[in-house]
Amino acid sequence: MIKDAFYQPGQPAPKLGVSPLSWVNEVLQHLGADTSAQQCLEEAALAGYQGVELSRIFPREPGALRALLAQHKLHLVSGWHDGFLTERSVQQELEAVHHHATLLQENGAQVMVYGECGWMTANALDVPLAQRRLLPEDQVQGYAERLSAFAEALYQQYGLRLAYHHHLMMVAETLPEIRALLATCAPSVGLLLDTGHATAAGFTYTQLIDEFADRICHIHLKDVRLDRLQQVRQSGMTFNEAVLAGMFTVPGDGGIDYRPLAQFITRSGYQGWLVVEAEQDPAKAPPLATVTRAQRYVAEHILPAAQ
């Protein structure tokens, strides 16, 4: 049985981390191609963050990563796993995740971000957003059962809560898709609340809070430039083109209202991580200045309500 360590009323404010996506892109590898792990971590610490999520530029050996993070007095928040439970068995997924989950476990992470990469059209991030491949309704039940069993095993074997990432171009993008999936999943499946992906998918993140507050175990603070979002949808851009066009940005630089999130943190006693995340071109949005501005925004507009 999964114990809920993410809601502890009366405890200190949640911890604030930052995603290395402000320095380097995981898919568009020319963005930040010359950035070192040392630069990323040094600047994350300098900007006032307590932790970082995993990045392709970080070591994948547990001891080496632990030593590098310790140099900068940073925690490992979490790390994204490319999941394929739409196609794999639970056992196959457990075998695929072992090294990654061990890395997270041995570096003190409590959650693992799960992104469903199965059932996507070929080169999904380079086809128009409107051409997403949809998971048939008659496959949702079986998928949810495998996801639930995997999440339970992940916790039992590694002590990691699965944080399911609703995401553009993946099988759970829209609010009805998220509802249909979570309605069938066991409580072992937690939810990553991503403010940016909710907005870009056409619904407000507050709807996720209203309906799934007890599942939220990880939060990504991603903002959206609403004029760019409109341009992306009207012109039929791809996900990667939307990133390059600057659709996503850090909290405070876009059009998302974060007051309801601050209220949720206060009411719920949420004790997981808040992670500033923005997929941007670091040549256009210099990372240190950008994440420093975001840290100040969160400290002023989101965290005070939880103090």
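The legends below describe several views of one predicted protein model.

**Figure 1. Overall fold of the protein chain.** The chain contains 11 helices and 11 strands, where helices (H or I, at least four residues) and strands (E, at least two) are DSSP runs numbered from the N terminus. Its radius of gyration, taken over C-alpha atoms, is 18 Å, close to the 19 Å that the globule rule gives for 307 residues, so the chain is as compact as a globular protein of that length. The globule rule is 2.2 Å times the number of residues to the power 0.38. Along its principal axes, the C-alpha trace spans about 50 × 45 × 40 Å. Residues are numbered from 1 along each chain as its sequence is written. In this predicted model, local features need pLDDT of at least 70 and side-chain atom pairs count only at pLDDT 80 or more, while totals for chains, interfaces and linings use all residues; side-chain values use heavy atoms, with hydrogens and water left out.

Figure 2. A contact means heavy atoms within 4.5 Å. Among contacts with a separation of 6 or more, 82% join residues 24 or more positions apart.

**Figure 3. Close-up of helix 1.** Helix 1 covers residues 37-46, and its buried residues are Ala37, Cys40, Leu41, Glu43 and Ala44. Seen down the helix axis, these buried residues fall within an arc of 165°, so they line one face of helix 1; the arc is that of the directions from the helix axis to the C-beta atoms. They pack against strand 1 (15-18), strand 2 (51-52), helix 2 (62-71) and helix 11 (287-301). Just after helix 1, Gly48 takes a positive phi of about 100°.

Figure 4. Trp119 is found between strand 5 (111-116) and helix 4 (137-158). Most residues other than glycine have a negative phi. Trp119, although not a glycine, has a positive phi of about 60°. This residue is buried, with a relative accessible area of 16%.

Figure 5. Met169 lies in the loop between strand 6 (161-165) and helix 5 (175-184). Its phi is positive, about 75°, although Met169 is not a glycine. Met169 is buried, with a relative accessible area of 2%.

Methods:
Buried < 20%, exposed > 50% of the residue type's maximum accessible area, 1.4 Å probe, protein only.
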